[in-house]
Amino acid sequence: MPILEVKDLCKQYTKVLAANKINFSIDAGEIFALIGPNGAGKTTTIRMISTLIKPTSGDAVVNGYSIINESEKVRQCITYLPDEAGAYKNMTGKSYLNFMAGMFAQSKSEIAEFTARAEKICGLKERLDEKIGSYSRGMIRKLLLARAVMTKPKLAILDEPTSGLDVINALDIRKTIKEMAKSEGTAFLLSSHNMLEIEYVSDRVGIIAGGRLLEIGKIDDLKQKYNAENLEEVFEMVVKNNEVSKSA
């Protein structure tokens, strides 16, 4: 059974159909990327799966639980890290992780387990004793990613996980995501505008535009299908073909 199964998911705003019968699934240990131009429906889809907004119709099932009827249980087995997420700058990295662990753990021993795990994942070492306000953007992003996955979620939803980071920090985060998927079996749903990143880290991609999921598959298969050198070329052809079909 897939960790995530999205079934005809729709979201209608007043005059805009932001998501139109979206269907895809993600297995345990799989990294799936949802890519598309601005306003394509990526964020709306992600927020529905995260139970932050309610679908107009359709459903998504996370680890066997419906986002509509069992949203509380869904929230217990996912984590969502938005692009604009921040941390408490007056806390040290270590105290922040300990504080956040306390929000999810059931015992003191579990708090210690989550915190130790997050400290290892972020790799900030002695800098964890310093206040977050002194951290670089890359360090903060590593801390937030570690916080997001320290509870071993079934599904981790990451929106622009390396946005604004330098090459070294971005590589560190990509490696962490791949290691988590492989060693822990965590399923990842990513959204990013960085096609190089998506091509490096993802097992499959879905290309969305105008609220519709236009293409889905393994990157090598899509490159072969569209006779493309890279994912950017695939993306361009899929989106432009959609625009042509709409205007025809």
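Me: Which residues do ring pairs link into a cluster in this predicted model?

Reply: Ring pairs link Tyr88, Tyr96 and Phe99 into a cluster.

Me: How many aromatic pairs are there by the ring-centre rule?

Reply: The count comes to three aromatic pairs.

Me: Why is the pair of Phe24 and Phe32 called stacked?

Reply: Happy to walk through that one. The ring centres of Phe24 and Phe32 are 4.7 Å apart, and rings pair if their centres lie within 6.5 Å. Their planes stand at 0°, while planes under 30 degrees apart count as stacked. The pair is therefore stacked.

Me: What makes Phe24 and Phe32 count as buried?

Reply: Buried means under 20% relative accessible area. Phe24 has 5%, so Phe24 is buried. Phe32 has 0%, so Phe32 is buried as well.

Me: Why is the pair of Tyr88 and Phe99 called edge-to-face?

Reply: Here the centres are 6.0 Å apart and the planes are at 75°. The limit for the centres is 6.5 Å, and planes over 60 degrees apart count as edge-to-face. The pair of Tyr88 and Phe99 is therefore edge-to-face.

Me: How do you know that the charged end of Lys178 sits over the ring of Tyr200?

Reply: The charged end of Lys178 is 4.6 Å from the centre of the Tyr200 ring, and the cut-off is 6 Å. The charge must also be within 35 degrees of the ring normal. The charged end of Lys178 is listed as sitting over the ring of Tyr200.

Me: What makes β2 and β5 edge strands?

Reply: The open sheet has four strands in the order β2-β1-β4-β5, with antiparallel pairing. The strands β2 (17-26) and β5 (65-66) each pair on one side only.

Me: How do you know that β1 and β2 pair?

Reply: Pairing needs at least two bridges, and six bridges join β1 (residues 4-12) to β2. The two strands run antiparallel. Among the bridge partners are Leu9 and, in β2, Ile22.

Conventions
Residues numbered from 1 in each chain as written. Predicted model: local features only at pLDDT ≥ 70, side-chain atom pairs only at ≥ 80, totals over all residues. Heavy atoms only, no water. Buried < 20%, exposed > 50% of the residue type's maximum accessible area, 1.4 Å probe, protein only.
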